[in-house]
Amino acid sequence: MVYQLGEQKVDFNNILGEIKSSYPHEDISLLYERLNTDGYLCLRQLIPQSDVLNARKIFYEYLNNQDIFTDDSTIEEPRSENGSCFFGGKKEITHHPEFIKILEHPNSFDFFTKLFEEPARTYDYKWVRSVGKNNYGTEAHMDIVYMGRGSKNLLTMWIPVGKITKDNGPMVVLDKSHNHPKLKKIRDTYGRMDVDKDLIKGGWFTNNYSELSRLTKTKWLVGDYDPGDVLIVNIYTFHGSLRNNSDKVRFTCDVRFQPESDSIDNRWIGENPIAHRDWWKADKEGKNIEIEKARKSWGV
Ligand SMILES: O=C(O)CCC(=O)C(=O)O
(Lines give C-alpha, C1' and ligand atoms only; values in the text may rest on other atoms or scores of the structure.)
Protein backbone atom coordinates (compact mmCIF):
# COMPACT_ATOMS: atom_id res chain seq x y z
CA MET A 1 0.00 0.00 0.00
CA VAL A 2 1.28 3.46 -0.89
CA TYR A 3 0.91 6.40 1.53
CA GLN A 4 1.83 10.03 1.27
CA LEU A 5 4.19 11.46 3.87
CA GLY A 6 4.86 15.14 3.29
CA GLU A 7 5.56 15.64 -0.39
CA GLN A 8 6.56 12.03 -0.93
CA LYS A 9 4.65 8.90 -1.88
CA VAL A 10 6.03 6.08 0.27
CA ASP A 11 5.67 2.33 0.35
CA PHE A 12 4.67 1.16 3.83
CA ASN A 13 7.85 -0.86 4.37
CA ASN A 14 10.08 1.82 3.01
CA ILE A 15 10.20 4.48 5.75
CA LEU A 16 7.00 3.67 7.67
CA GLY A 17 6.59 1.05 10.41
CA GLU A 18 3.84 -0.21 12.68
CA ILE A 19 3.53 1.60 16.00
CA LYS A 20 4.02 -0.44 19.21
CA SER A 21 0.86 -0.77 21.34
CA SER A 22 0.82 -0.29 25.10
CA TYR A 23 -2.04 -0.80 27.56
CA PRO A 24 -3.10 1.21 30.61
CA HIS A 25 -3.13 -1.91 32.82
CA GLU A 26 0.60 -2.55 32.23
CA ASP A 27 3.05 -1.89 35.02
CA ILE A 28 3.68 1.88 35.24
CA SER A 29 7.47 1.52 35.56
CA LEU A 30 7.48 -0.54 32.36
CA LEU A 31 5.42 2.12 30.55
CA TYR A 32 7.77 4.83 31.89
CA GLU A 33 10.77 2.90 30.54
CA ARG A 34 9.08 2.40 27.17
CA LEU A 35 8.22 6.10 26.87
CA ASN A 36 11.81 7.03 27.69
CA THR A 37 13.22 4.48 25.24
CA ASP A 38 10.88 5.03 22.28
CA GLY A 39 9.86 8.67 22.81
CA TYR A 40 6.18 7.77 22.60
CA LEU A 41 3.45 5.54 24.02
CA CYS A 42 0.47 4.37 22.00
CA LEU A 43 -1.96 3.60 24.82
CA ARG A 44 -4.93 1.55 23.75
CA GLN A 45 -8.30 2.21 25.37
CA LEU A 46 -7.28 4.82 27.91
CA ILE A 47 -10.54 6.74 27.52
CA PRO A 48 -14.04 5.13 27.41
CA GLN A 49 -15.16 4.71 23.78
CA SER A 50 -18.62 6.10 24.56
CA ASP A 51 -17.12 9.40 25.80
CA VAL A 52 -15.03 9.75 22.63
CA LEU A 53 -18.06 9.01 20.44
CA ASN A 54 -20.12 11.62 22.31
CA ALA A 55 -17.45 14.24 21.54
CA ARG A 56 -17.46 13.08 17.92
CA LYS A 57 -21.21 13.71 17.73
CA ILE A 58 -20.74 17.26 19.07
CA PHE A 59 -17.90 17.97 16.60
CA TYR A 60 -19.88 16.54 13.67
CA GLU A 61 -22.89 18.72 14.51
CA TYR A 62 -20.66 21.78 15.02
CA LEU A 63 -19.03 21.37 11.59
CA ASN A 64 -22.32 20.41 9.96
CA ASN A 65 -23.81 23.71 11.16
CA GLN A 66 -21.03 25.44 9.21
CA ASP A 67 -21.99 23.55 6.02
CA ILE A 68 -18.64 21.77 5.90
CA PHE A 69 -19.97 18.38 4.78
CA THR A 70 -21.37 17.07 1.52
CA ASP A 71 -24.98 15.80 1.52
CA ASP A 72 -24.02 12.11 1.59
CA SER A 73 -22.15 12.56 4.90
CA THR A 74 -22.91 10.61 8.05
CA ILE A 75 -21.34 10.86 11.48
CA GLU A 76 -19.38 7.66 10.71
CA GLU A 77 -18.35 8.86 7.24
CA PRO A 78 -18.14 12.66 7.15
CA ARG A 79 -17.18 13.88 3.68
CA SER A 80 -16.15 17.32 2.55
CA GLU A 81 -14.47 19.09 -0.34
CA ASN A 82 -12.32 21.14 2.06
CA GLY A 83 -12.80 19.69 5.54
CA SER A 84 -9.62 20.95 7.21
CA CYS A 85 -10.30 23.23 10.17
CA PHE A 86 -8.02 24.14 13.05
CA PHE A 87 -9.75 24.97 16.32
CA GLY A 88 -6.80 25.67 18.63
CA GLY A 89 -8.15 27.68 21.56
CA LYS A 90 -11.66 27.94 20.08
CA LYS A 91 -13.42 27.44 23.40
CA GLU A 92 -16.94 26.92 22.06
CA ILE A 93 -15.68 23.58 20.77
CA THR A 94 -12.50 22.83 22.81
CA HIS A 95 -14.31 23.56 26.08
CA HIS A 96 -17.62 21.99 25.20
CA PRO A 97 -18.37 19.67 28.17
CA GLU A 98 -18.19 16.58 25.92
CA PHE A 99 -14.73 17.64 24.68
CA ILE A 100 -13.47 18.57 28.14
CA LYS A 101 -14.60 15.12 29.27
CA ILE A 102 -12.16 13.43 26.87
CA LEU A 103 -9.42 16.09 26.99
CA GLU A 104 -9.31 16.02 30.80
CA HIS A 105 -10.55 12.51 31.49
CA PRO A 106 -9.91 11.19 35.03
CA ASN A 107 -8.28 8.11 33.43
CA SER A 108 -5.67 10.41 31.86
CA PHE A 109 -5.06 12.30 35.12
CA ASP A 110 -4.70 8.95 36.96
CA PHE A 111 -2.28 7.71 34.32
CA PHE A 112 -0.09 10.85 34.30
CA THR A 113 -0.11 11.09 38.10
CA LYS A 114 1.29 7.56 38.27
CA LEU A 115 3.78 8.30 35.48
CA PHE A 116 5.05 11.55 37.06
CA GLU A 117 4.83 10.19 40.62
CA GLU A 118 3.07 13.44 41.54
CA PRO A 119 -0.18 15.20 40.55
CA ALA A 120 -0.47 16.09 36.87
CA ARG A 121 -1.45 19.44 35.42
CA THR A 122 -2.78 20.32 31.96
CA TYR A 123 -2.71 23.55 29.92
CA ASP A 124 -6.03 25.44 29.88
CA TYR A 125 -5.59 25.86 26.11
CA LYS A 126 -6.71 22.86 24.01
CA TRP A 127 -6.54 21.92 20.33
CA VAL A 128 -9.29 20.39 18.15
CA ARG A 129 -8.68 19.62 14.46
CA SER A 130 -10.41 18.24 11.39
CA VAL A 131 -8.39 17.15 8.35
CA GLY A 132 -10.07 16.71 4.96
CA LYS A 133 -9.09 14.58 1.98
CA ASN A 134 -5.67 15.18 0.39
CA ASN A 135 -4.69 17.27 3.36
CA TYR A 136 -2.48 16.61 6.40
CA GLY A 137 -2.44 17.66 10.05
CA THR A 138 1.14 18.94 10.39
CA GLU A 139 4.63 18.70 8.92
CA ALA A 140 7.52 17.11 10.86
CA HIS A 141 8.26 19.01 14.09
CA MET A 142 9.08 18.84 17.81
CA ASP A 143 6.54 20.37 20.18
CA ILE A 144 9.26 22.14 22.20
CA VAL A 145 9.41 24.95 19.63
CA TYR A 146 5.79 25.85 20.37
CA MET A 147 5.64 25.22 24.12
CA GLY A 148 9.15 25.16 25.51
CA ARG A 149 9.04 27.89 28.16
CA GLY A 150 7.97 25.64 31.01
CA SER A 151 8.41 22.01 31.98
CA LYS A 152 10.73 19.85 29.89
CA ASN A 153 8.69 16.89 31.14
CA LEU A 154 5.70 18.10 29.17
CA LEU A 155 3.89 15.37 27.22
CA THR A 156 1.50 15.77 24.31
CA MET A 157 -1.51 13.47 24.14
CA TRP A 158 -3.12 13.08 20.70
CA ILE A 159 -6.68 11.76 20.80
CA PRO A 160 -8.41 10.33 17.71
CA VAL A 161 -12.06 11.41 17.96
CA GLY A 162 -13.44 8.25 16.33
CA LYS A 163 -11.84 5.43 14.37
CA ILE A 164 -8.76 6.51 12.38
CA THR A 165 -7.10 4.10 9.94
CA LYS A 166 -3.79 4.64 8.16
CA ASP A 167 -5.48 5.95 5.02
CA ASN A 168 -7.30 8.59 7.11
CA GLY A 169 -4.12 10.62 7.83
CA PRO A 170 -3.08 9.69 11.40
CA MET A 171 -0.19 11.20 13.32
CA VAL A 172 3.27 9.64 12.72
CA VAL A 173 6.22 9.56 15.15
CA LEU A 174 9.90 9.10 14.37
CA ASP A 175 11.00 6.13 16.48
CA LYS A 176 13.40 7.02 19.34
CA SER A 177 13.91 10.52 17.92
CA HIS A 178 13.57 12.36 21.27
CA ASN A 179 17.15 11.56 22.25
CA HIS A 180 18.66 10.11 19.09
CA PRO A 181 22.40 10.98 18.97
CA LYS A 182 22.18 11.88 15.25
CA LEU A 183 19.59 14.55 16.09
CA LYS A 184 21.66 16.28 18.78
CA LYS A 185 22.64 19.24 16.59
CA ILE A 186 19.00 19.66 15.54
CA ARG A 187 17.90 19.58 19.20
CA ASP A 188 20.62 22.14 20.04
CA THR A 189 19.48 24.56 17.28
CA TYR A 190 15.93 24.02 16.01
CA GLY A 191 15.03 22.46 19.39
CA ARG A 192 16.05 25.66 21.23
CA MET A 193 13.98 27.87 19.01
CA ASP A 194 10.81 29.57 20.27
CA VAL A 195 8.38 30.46 17.47
CA ASP A 196 7.11 33.56 19.32
CA LYS A 197 10.64 34.96 19.74
CA ASP A 198 12.46 33.64 16.69
CA LEU A 199 9.49 34.18 14.37
CA ILE A 200 9.96 31.18 12.09
CA LYS A 201 7.17 30.57 9.59
CA GLY A 202 5.11 27.43 10.40
CA GLY A 203 7.64 26.17 12.96
CA TRP A 204 7.86 22.82 11.15
CA PHE A 205 11.39 21.47 10.67
CA THR A 206 10.67 19.80 7.33
CA ASN A 207 8.05 18.29 5.06
CA ASN A 208 10.70 15.94 3.71
CA TYR A 209 10.27 13.15 6.24
CA SER A 210 12.81 10.85 4.62
CA GLU A 211 15.72 13.21 5.40
CA LEU A 212 15.14 12.49 9.12
CA SER A 213 14.64 8.73 8.73
CA ARG A 214 17.80 8.57 6.58
CA LEU A 215 19.77 10.53 9.18
CA THR A 216 18.62 8.38 12.11
CA LYS A 217 18.10 5.09 10.24
CA THR A 218 14.77 4.79 12.03
CA LYS A 219 11.18 4.66 10.79
CA TRP A 220 8.15 6.86 11.02
CA LEU A 221 5.68 4.81 13.05
CA VAL A 222 1.97 4.81 12.43
CA GLY A 223 -1.07 2.84 13.58
CA ASP A 224 -4.78 2.27 13.20
CA TYR A 225 -6.80 3.69 16.07
CA ASP A 226 -10.11 2.88 17.71
CA PRO A 227 -12.04 5.47 19.73
CA GLY A 228 -10.44 5.55 23.20
CA ASP A 229 -6.85 4.97 21.96
CA VAL A 230 -4.34 7.80 22.49
CA LEU A 231 -0.79 8.60 21.39
CA ILE A 232 1.57 10.28 23.88
CA VAL A 233 4.82 11.97 22.76
CA ASN A 234 7.78 13.65 24.43
CA ILE A 235 8.38 17.34 23.55
CA TYR A 236 11.57 16.39 21.65
CA THR A 237 9.97 13.55 19.66
CA PHE A 238 9.73 14.33 15.96
CA HIS A 239 6.16 13.81 14.77
CA GLY A 240 3.85 14.87 11.96
CA SER A 241 0.98 13.39 9.97
CA LEU A 242 0.30 11.15 7.02
CA ARG A 243 -1.77 12.73 4.29
CA ASN A 244 -5.48 11.88 4.44
CA ASN A 245 -5.82 9.57 1.44
CA SER A 246 -9.47 8.79 2.14
CA ASP A 247 -12.54 10.87 1.41
CA LYS A 248 -13.46 10.83 5.13
CA VAL A 249 -12.68 13.84 7.29
CA ARG A 250 -10.33 13.01 10.19
CA PHE A 251 -11.40 14.25 13.67
CA THR A 252 -8.81 14.63 16.47
CA CYS A 253 -7.93 16.72 19.50
CA ASP A 254 -4.71 17.18 21.47
CA VAL A 255 -3.86 18.15 25.03
CA ARG A 256 -0.74 18.62 27.16
CA PHE A 257 0.13 17.17 30.60
CA GLN A 258 3.07 17.90 32.91
CA PRO A 259 4.06 17.39 36.56
CA GLU A 260 2.16 19.92 38.69
CA SER A 261 5.28 21.15 40.53
CA ASP A 262 7.21 21.95 37.30
CA SER A 263 7.18 25.48 35.89
CA ILE A 264 4.55 26.07 33.22
CA ASP A 265 4.65 27.91 29.88
CA ASN A 266 2.38 30.88 30.61
CA ARG A 267 1.27 31.27 26.96
CA TRP A 268 -1.15 28.39 27.52
CA ILE A 269 -2.77 29.05 30.87
CA GLY A 270 -5.57 31.24 32.20
CA GLU A 271 -9.05 32.19 31.04
CA ASN A 272 -7.81 33.56 27.70
CA PRO A 273 -4.28 32.28 27.07
CA ILE A 274 -2.12 34.50 24.85
CA ALA A 275 -1.04 31.40 22.88
CA HIS A 276 1.11 32.40 19.84
CA ARG A 277 -0.06 36.01 19.82
CA ASP A 278 3.38 37.42 18.88
CA TRP A 279 4.06 34.84 16.18
CA TRP A 280 0.61 35.19 14.60
CA LYS A 281 0.94 39.00 14.60
CA ALA A 282 4.36 38.80 12.92
CA ASP A 283 2.93 36.36 10.39
CA LYS A 284 0.16 38.82 9.45
CA GLU A 285 2.79 41.54 9.05
CA GLY A 286 4.93 39.24 6.85
CA LYS A 287 7.80 39.34 9.39
CA ASN A 288 8.24 35.59 9.97
CA ILE A 289 11.27 34.04 8.31
CA GLU A 290 11.43 30.80 6.30
CA ILE A 291 12.66 27.67 8.10
CA GLU A 292 15.11 26.99 5.24
CA LYS A 293 16.89 30.26 6.02
CA ALA A 294 16.99 29.47 9.76
CA ARG A 295 18.28 25.95 9.08
CA LYS A 296 21.07 27.34 6.96
CA SER A 297 22.14 29.65 9.79
CA TRP A 298 22.02 26.73 12.29
CA GLY A 299 23.96 24.45 9.93
CA VAL A 300 21.35 21.65 10.02
O1 LIG B 1 -2.92 16.05 14.45
C2 LIG B 1 -1.83 15.70 13.99
O3 LIG B 1 -1.73 14.93 13.02
C4 LIG B 1 -0.55 16.14 14.65
C5 LIG B 1 -0.83 16.85 15.94
C6 LIG B 1 0.41 17.38 16.57
O7 LIG B 1 1.41 17.61 15.95
C8 LIG B 1 0.42 17.64 18.01
O9 LIG B 1 -0.57 17.39 18.68
O10 LIG B 1 1.48 18.09 18.50
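Biologist: What classes do the residues of the lining of the largest pocket divide into?
Modeller: In this predicted model, that lining splits into 11 nonpolar, nine polar and five charged residues.

Biologist: Ok, and how many residues line the largest pocket, and which lie nearest its centre?
Modeller: There are 25 lining residues, and Phe86, Arg129, Thr138, Tyr146 and Trp204 lie nearest the centre. Going by elements, two or more lining residues come from each of β8 (127-131), α7 (144-147), β9, β13, β14 and α11 (277-284).

Biologist: How much space lies in there?
Modeller: About 490 Å³ for the largest pocket.

Biologist: Where does the ligand sit?
Modeller: In that largest pocket. The elements giving two or more residues to the shell around the ligand are β9 (155-160), β13 (239-241) and β14 (250-259).

Biologist: Which of them gives the largest share of the shell?
Modeller: β14 does, with three residues.

Biologist: Which residues are around the ligand, then?
Modeller: Here's the set: Arg129, Thr138, His141, Asp143, Thr156, Trp158, Met171, His239, Ser241, Arg250, Asp254 and Arg256. Sorted by class, you get two nonpolar, five polar and five charged residues in the shell.

Biologist: What about polar side-chain atoms, say on His141?
Modeller: His141 puts one 3.1 Å from a ligand oxygen atom. For Asp254, a polar side-chain atom is 3.2 Å from an oxygen atom of the ligand. Then there's Arg256, with a side-chain N or O atom 2.9 Å from a ligand oxygen.

Biologist: And how much of the ligand's exposed area does the protein bury?
Modeller: The protein buries 99% of the 290 Å² that the ligand exposes when taken alone.

Biologist: Switching topic: what volume does the second largest pocket have?
Modeller: About 300 Å³.

Biologist: Which residues lie nearest its centre?
Modeller: For the second largest pocket, those are Arg56, Ile75, Glu76, Gly162 and Lys163, out of 17 lining residues. The elements that supply two or more residues to this lining are α3 (49-64) and β14.

Biologist: β14 keeps coming up. Where does it turn up again?
Modeller: β14 gives two or more residues to the lining of the largest pocket, and also to that of the second largest pocket. Around the ligand, β14 provides the largest share of the shell.

Key: Residues numbered from 1 in each chain as written. Predicted model: local features only at pLDDT ≥ 70, side-chain atom pairs only at ≥ 80, totals over all residues. Heavy atoms only, no water. Near = heavy atom within 4 Å. Polar contact = N/O pair within 3.5 Å; in protein donor to acceptor, adjacent residues only side chain to side chain. Areas by Shrake-Rupley, 256 points an atom, 1.4 Å probe, with all protein chains shown as cover. 1 Å grid on protein atoms, 1.4 Å probe; cavity = no way out; pocket = protein on both sides within 12 Å on 5 of 7 lines; lining within 4 Å. Sits in = over half its atoms within 2 Å of the grid points. Helix = DSSP H or I, 4+ residues; strand = E, 2+ residues; numbered from the N terminus. Nonpolar A, V, L, I, M, F, W, Y, C, P; charged D, E, K, R; others polar. Points joined across faces, edges and corners; volume = space filled by probe spheres on them.
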